[in-house]
Amino acid sequence: MNFATVGGFVLDGFNILALSYFVLLNTTYLITSVLAFKALRQYTRTLKAIDVEELISSVGAPPITLIAPAYNEESTCVEAVKALLLQKYPEYEILVINDGSKDKTLDRLVRAFDLQPANRLATAEIPTARVRRVYRSRRLPNLWVIDKENGGKADALNVGINYSQTPLFCALDADSLLEREALIRVVRPFLEDARTVAAGGIIRIVNDCEVEHGQVTKIRLPKRLLARFQVLEYLRAFMAGRIGWDVLNLTLIISGAFGVFRRKTVVDMGGYYTDTVGEDMDLIVRLHRHCREQNIPYRIVYVADPVAWTECPETVKVLGRQRDRWQRGLYESLMHNRRMLFNARYGRIGLVAFPYFFFMELLGPVIELFGYFTFTAALILGRASGPYILAFFMAAFAFGIVLSVAAVGLEELSFHRYPRLSDLLRLFGLAVVENFGYRQLTAYWRIRGFFSALRGVKGWGRMERKGFAVGVGP
Amino acid sequence: MAALREILSNLVLQDRIFLLLGITIAILLVLIVFFAFLTIALRLRNIRKAGLWQSLEARWEPLILDVMTGELSPDDTRQFVAAHEALYFVDYLLRFANRFRGREAAVITELARPYLPRLAARLDEADPSRRARAIRTLSILGREEYAEVIVAALDDPSPLVAMIAARALASQDQPQHAAALLARLDRFDTWSLNYLVSMLSAMGPAVAPQLRRILGDTQAPPQTRAVAAGALRELRDYESGQIAARVLETETERELLAAALRLVGDVGSPEFLGPIRRLARTDDPVVRGLALRALGRLGTDDDLLLLRQGMEDQSQWVALHAARGLRQAGGNHLLEELVITGHSKSDLARQVLAEGNSS
């Protein structure tokens, strides 16, 4: 066998690998979309049978601490805290953790909410960076701000956990805007099933929506194309992906922007792992691991209707940094818990969810990149015809469009938040357009993130915020 | 079929894959068109539904006002509700039912009455969410008339339906259903303890004797007894202190002990201090903390030392309970001393003293 023949076999092997990856990934997406369709239909019906107002007035709703870490959030922090203060929930405290911000985050909070130094002791001892001072609002007794030395988001969350005194805590981004009923809706699984240790809601994009008194009053698609692509991406991820995984009891991610956790379980695990930028995913993976190792009956659920609005990046540079960080976070949390891979001790998490994230989401972009190279090589060497390659890419695009259009359909089936028909048509258009450039760009960032993770790159990178578009009152 | 098989057998592998890709693309294109049309159809349905509701509201709103002011009798309204609109009308009335009280609420119930049998028929449907919604509506608009149906729903195979029925029955003006509800408490064993406690305590003091019986029943599941203890605490039932103290002496299950300690702490008296002091030294930090809390409420000067020692506990929760207990038991001077001397627990003492000043 000569070199050319061996090379040809290797090339064919890579092509088959890329093809298998493509088929498996898209089949999984299709399956989760179908499952999500069924689940959402049932869920929206169930919601009609539940009186949220009654739940809100119920003394059975457990007290909860909202933990909002803030690092250089001067443009959004006041509005975001106002949104938290408007929560319709019987009993809650807000802990804003100023993680050593270098801008005027602390000053703005002190002035806006009339903060003064106060005494408050930690009730857990998760190791963290030094706490400098604790503040409490003179006007709003449930609002506290903890000023600490910079230690990263996970470290700030750990401070919040240490200082919270309630059975549940809610981890947020300081720039997230929670809808007024978001908390009671996301806590519902904890009421209905005492085994619940974590629950997460949906994240929606607030760019160019109107915000009044910390609440989104007018929903519309962002003006910038890059942000619009992300709206579609989020719909795909939350409406189709997470709901579908939840149906199978395989939730492995709860977004760091909005998730509720049983405090005791998280404290028993030692809190958030600080040596990662993917602390949100790492926490969920470790929750599965901890509960299964300790034989604790548990549930981790995704709830489709509680909404946290968040600002997404609007420039290629910042978006690239975010996606790079997400991929590094994925790498770090999967490697940190790699013993779960194909480990039957962790049940379906170890045998299905973990391998999926490992091979499809983590290694997927690398396989995709190899696919581009080997397809090109196969074309040049005459091992694959031009029409064959073209057909493959057409199928890949068509799959992408199907999944996006299905996600828009799921949104319309359930919560139909985008009121204008033109928004719907734009989303359809985006489903087509994103295949020409945006998808390749995100794949590139993910590959870059993967290799950054291999090189041991740390840190979050700078996120620029423009603040919320404040609506004009009537 | 044979011809197709022959064509396929003549194709090389790459051509087969090519064919497969072609078929896949065709299927995907069909799916794209299907989902797009489905989405637009859903949007149109949503628009139509919103429009329908708008016209129904416009027609029914003056009607409701006329009935409220006595210009129209509830019976007269029937001509304005077509047969196919009956359940929409019930939904519309449901919005007012939660807002109105007294005579207005009775009028709303009266308006809904002729249409409720159609709703009750939904209880035979397979979809649990529809049954749950029917139970919720019946419990608001036809609670007395459909009480039996609601009680029967406690045994519905769907936990959602059963819980909505339970929640509907758990109200102060219906103590007659307490027995039915309490007999099925174990059906709700996956629900949050606090939620169940809130539900039972909503039934008011009339249910206390039955709750006491459950708390004292050593054959009942510990979770059910813990719920009973929680509800008795919410009801401030002083007669249950003795039973709770007995639980502290004989039981070992953490959740039950915790609930009994909370109950004793709130409704007990110093005569129950024996088991509380014993539990303040137990290994379980949850039980230990709650025992110190109870000690703070019921304890005497003899307990100040134990509470002060509790502040040194390795669990910060226990230390916090102990410090708060110390303040409640009249040990402020000990806390102040810690602050003045700059003791390692001075921050804790300062916080608890500040809490005392602000409360």
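This is a predicted model: local features need pLDDT of at least 70, side-chain atom pairs count only at pLDDT 80 or more; totals for chains, interfaces and linings use all residues.

**Labels and their cut-offs**

Student: What makes A:Glu412 and B:Arg43 a salt bridge?

Tutor: The rule asks for a side-chain nitrogen of Lys or Arg within 4 Å of a carboxyl oxygen of Asp or Glu. The side chains of A:Glu412 and B:Arg43 meet at 2.8 Å, N to O. Across the interface of chain A and chain B, the rule finds 2 salt bridges.

Student: How do you know that chain A and chain B are in contact?

Tutor: Contact means heavy atoms within 4.5 Å. By that test, 56 residues of chain A are in contact with 41 residues of chain B.

Student: What area do chain A and chain B bury between them?

Tutor: About 4400 Å², with 65% of it on carbon and sulfur atoms. Buried area is the accessible area (1.4 Å probe) that two parts lose on being put together, summed over both. In chain A, the residues that lose the most area to chain B are A:Ala49, A:Asn119 and A:Leu121, together 13% of what that side buries.

Student: Which residues make the nonpolar surface patch?

Tutor: B:Met1, B:Leu4, B:Leu8, B:Leu19, B:Ile23 and B:Ile27 make it, over about 590 Å². Patch residues have over 30% relative accessible area (Shrake-Rupley method, 1.4 Å probe, only the protein chains shown counting as cover) and no salt bridge. Nonpolar side chains (Val, Leu, Ile, Met, Phe, Trp, Tyr) are joined within 5 Å. Helix 2 of chain B gives the most to the patch, with 3 residues. B:Ile27 is in that helix 2. Helices (H or I, at least four residues) and strands (E, at least two) are DSSP runs, numbered from the N terminus.

Student: Which partners does A:Arg185 have in salt bridges?

Tutor: A:Glu181 is one, at 2.8 Å between the closest N and O atoms. A:Asp305 is another, also at 2.8 Å. A:Arg185 lies in helix 6 of chain A and A:Asp305 in strand 12 (residues 299–310), so this pair ties together parts 120 residues apart in sequence.

Methods:
Residues are numbered from 1 along each chain as its sequence is written. Chains are lettered from A and ligands numbered from 1 in the order in which they are written. Side-chain values use heavy atoms; hydrogens and water are left out. Patches are made of residues with over 30% relative accessible area and no salt bridge: like charges are joined within 9 Å, nonpolar side chains (Val, Leu, Ile, Met, Phe, Trp, Tyr) within 5 Å.
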